[in-house]
Amino acid sequence: MKFFGDSISGNCLKVKWTADHLGLPYEWAETSVLTGETRTPDFLAMNPAGQVPLAVLDDGRPLAQSNAIILHLARGSTLIPTDPYFQARMFEWMFWEQYSHEPYVAVARFQVRYRGRDPDTLEPALIERAEAALDRLESALSGSTWLVGDAFSLADMTLLPYTRFAPEAGLDLSRRKSLLAWIRRSEGVLGLAPLGVP
């Protein structure tokens, strides 16, 4: 199995972390979004959307979209709850992440960390929605160890990368104690070195 991914991307990291956590063998092909490597004819032949991550499965079939990839990788594992309700709640968080979290937290981070923008110059609505997404996570994790049920699942895997990188967008995590504790627990499950929180 081969993954095309950019290590600066939270969407790509969730694929890498899922495979690593499950002990799945793979080849990683670093594919920069900043230098146009996802827009070459060879890459577009595999994924016409021109996006990473992209998985090429053992049988040669391509699979795009980070959450689709990790769902495929994690089938039959403890990362997907067996209880139908908890499984549906996992999907709820995964869909919410792509619609109401990533478009704001990740975009703000990209503008600040990789485009050199001052956080104060970003569109106020972008920051408001990013803050609202982080507040929702803080509320959900207040009194709860994990987002779904009593174990780390793909709900946590999906939301960890860009939440963990939120300070790179100038977003303050220090006042969100439940969220910070969840990040540390998740890092422990995945064997990640803790990131400092400014």
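Where is the place of N11? N11 sits in helix α1, and the views below start from there. The model is predicted, so local features need pLDDT of at least 70 and side-chain atom pairs count only at pLDDT 80 or more, while totals for chains, interfaces and linings use all residues. Residues are numbered from 1 along each chain as its sequence is written, and side-chain values use heavy atoms, with hydrogens and water left out.

**View 1. Helix α1 between two strands.**
Helix α1 covers residues 10-22. Helices (H or I, at least four residues) and strands (E, at least two) are DSSP runs, numbered from the N terminus. Together β1, α1 and β2 form a right-handed β-α-β unit; right-handed means that, with the strands pointing away from the viewer, the path from the first strand over the helix to the second runs clockwise. The end C-alpha atoms of α1 are 18 Å apart, which agrees with the 18 Å that its 13 residues should span at 1.5 Å a residue. That expected span is 1.5 Å times one less than the number of residues. At the start of α1, a side-chain oxygen of S9 comes to within 3.2 Å of the backbone nitrogen of N11. After the helix comes G23, with a positive phi near 70°.

**View 2. The buried residues of α1, with N11 among them.**
G10, N11, C12, L13, K14, V15, W17, T18 and A19 are the buried residues of α1. Buried means under 20% relative accessible area, exposed over 50%, and partly exposed in between (1.4 Å probe, protein chains only). Their cover includes β1, β2, α3 (66-74), α4, α6 and α7. N11 has a relative accessible area of 11%, so this residue counts as buried. Its side chain makes a polar contact with the side chain of E102 at 3.3 Å. A polar contact is a pair of N or O atoms within 3.5 Å; within protein, one must be able to donate a hydrogen and the other to accept it, and residues adjacent in sequence count only if both atoms are side-chain atoms. Leaving aside neighbours within four places in sequence, N11 is in contact with P53, S66, E97, Q98, E102 and Y162. Contact here means heavy atoms within 4.5 Å.

**View 3. Strand β1 and its two partners.**
Which strands pair with β1? In the parallel sense, β1 (residues 2-5) pairs with β2 (residues 27-30) over four bridges. In the antiparallel sense, β1 pairs with β3 (residues 54-56) over three bridges. Two strands pair if DSSP finds at least two bridges between them. K2 has E27 as its bridge partner in β2, and F4 has L54 as its bridge partner in β3.

N47 belongs to the loop between α2 (41-46) and β3. With a relative accessible area of 7%, N47 is buried. A polar atom of the N47 side chain lies 2.9 Å from the backbone oxygen of Q51. Beyond its neighbours within four places in sequence, N47 is in contact with L54 and A64.

The 18 residues of α5 (residues 124-141) reach 26 Å from first C-alpha to last, close to the 26 Å expected at 1.5 Å a residue. Buried in α5 are L126, A130, A133, L134, L137, E138 and L141. They lie on the same side of α5 because they cover an arc of only 140° around the axis; the arc is that of the directions from the helix axis to the C-beta atoms. These buried residues pack against α4 (84-114), α6 (154-164) and α7 (177-190). On the face turned away from the buried side are the exposed residues P124, E128 and S139. G143 follows α5, and its phi is positive, near 85°.

View 4. F165 is buried, at a relative accessible area of 9%, and L192 counts as buried at 19% relative accessibility. The C-alpha atoms of L192 and W17, 175 residues apart along the chain, are 9.2 Å from each other. Leaving aside neighbours within four places in sequence, F165 is in contact with L13, R109 and L195, and L192 is in contact with W17, L160, R164 and E187.
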